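Please open the model in your viewer and keep the selection panel at hand.

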Amino acid sequence: MTPPTVLTIAGSDSGGGAGLQADLRTLFACGVHGMTAVTAVTVQNTIGVTGIVEIPAHVVADQIEVVAVDIGVQAAKTGMLANAEIIVAVAGACDRVGIGKDGHIPFIVDPVCASMGGDQLLRDDALDALRTELFPRATLVTPNLDEVRLLTGIDVTDRKTQEQAADALLAYGPEWALVKAGHMRNVDDCVDLLSNGTDVHELPGPRFDTGNTHGSGDTLASATASQLAQGVAVPAAVAFGKRFIVRSVRDSYSLGKGHGPVSPFWRLSSESV
Ligand SMILES: Nc1ncnc2c1ncn2[C@@H]1O[C@H](COP(=O)(O)OP(=O)(O)OP(=O)(O)O)[C@@H](O)[C@H]1O
Ligand SMILES: Cc1ncc(COP(=O)(O)O)c(N)n1
């Protein structure tokens, strides 16, 4: 049987923990055929990012268009987009192939700005392009708290400010905003907040005491995309993504000398071949 298809528009992490490698691993574990539009190649391990080569914007756009025209895209997500020129090219390509809330192919915009170690993955002058080019096209945006601060100026410290941040993000035009709580380190649990301005959903989850959360945002967004690709509504798709990431953080593992990755391997069957 042909599986559902999801396109990730993201950067490569040579260490395999985050970026398109985390996306493809998660999509595979969710039974989805993953496709990639590579935006950048990072020289990266568990300790940090020491180099970035940005892919020419027209090549990013071409990757989106060729897979959409030939294979078909049932949902798409973004990760690292590197610069404003790539963001503009992604917006144009998405419009041409029907990706985005007006084209009806569900589109998750994960506004990746930096790695969890603090290395910059998006140029400073590209923030505005994210807000004006991609947010209005997004079915769902999924910033972490540092990205919320950069994009809205709001410092999220509790449930009230989490909801204010969601409203500020929604003002840029996405249908739904998910304000992730992974970086809210002053609280014992990890309650993400999903809102479309009318419906507000709390997504509760435990906080595991681990530094091995590399790729957690990518994994959450890809697992969510796997459901959107099958016609699941946003709240149920995000609830699945949250359940998926809780298990994946619980099973995260140490690797190298820095931050290890979350693991979707729990989802693979234990049956022997
Ligand atoms: N220590 C943790 N224990 C349990 N869940 C976590 C933990 N850290 C993050 N999460 C969950 O993982 C998901 C991603 O959260 P986070 O806020 O860390 O996003 P992110 O910073 O974009 O991720 P990434 O580390 O990939 O950049 C959220 O659902 C969050 O609640
Ligand atoms: C290519 C690429 N994309 C995304 C991330 C963010 O993931 P994290 O915040 O876990 O470092 C990353 N480090 N590298």
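Is A82 buried or exposed? A82 counts as buried, because 25 C-beta neighbours lie inside 10 Å; a residue is called buried if 20 or more other C-beta atoms, placed from the backbone, lie within 10 Å of its own, exposed if 12 or fewer, and partly exposed in between.

Before going further, note that this is a predicted model, in which local features need pLDDT of at least 70, side-chain atom pairs count only at pLDDT 80 or more, and totals for chains, interfaces and linings use all residues. Residues are numbered from 1 along each chain as its sequence is written, while chains are lettered from A and ligands numbered from 1 in the order in which they are written.

**The whole chain**

Select the chain and colour it by pLDDT, the predictor's confidence in each residue, from 0 to 100. The mean pLDDT of the chain is 96, and 98% of its residues reach 70 or more. For the complex, the predictor gives an ipTM of 0.97 and a pTM of 0.98.

In cartoon view you can follow eight helices and nine strands, where helices (H or I, at least four residues) and strands (E, at least two) are DSSP runs numbered from the N terminus. The C-alpha trace spans about 50 × 45 × 40 Å along its principal axes, and 53% of the 273 residues count as buried.

If you select residues 13–262, you have the span that UniProt lists, in an unreviewed entry, as "domain: Pyridoxamine kinase/Phosphomethylpyrimidine kinase"; such annotations may be inferred rather than shown by experiment. The end C-alpha atoms of this span lie 14 Å apart, and the span is 39% helix and 16% strand.

**Two loops**

Return to A82, which sits in the loop between β4 (75–78) and α3 (84–97), and look at its backbone: phi of A82 is near 70 degrees, a positive value in a residue other than glycine. Most residues other than glycine have a negative phi.

Next select H104, in the loop between α3 and β5 (107–109), where phi is near 80 degrees, again a positive value in a residue other than glycine. H104 is exposed, because 10 other C-beta atoms lie within 10 Å.

**Ligand 1**

Now select ligand 1 and the 23 residues around it, of which N144, K180, G182, C190 and G217 come nearest; a residue is near a molecule if its C-beta atom, placed from the backbone, lies within 6 Å of it. α7 and α8 (234–250) each supply at least two residues of this shell, and α7 gives the most, with four residues. By class, the shell around ligand 1 has nine nonpolar, nine polar and five charged residues, where Ala, Val, Leu, Ile, Met, Phe, Trp, Tyr, Cys and Pro count as nonpolar, Asp, Glu, Lys and Arg as charged, and the others, Gly among them, as polar.

**Last stop**

Finish at L255, in the segment after α8, which is partly exposed, with 16 other C-beta atoms within 10 Å.
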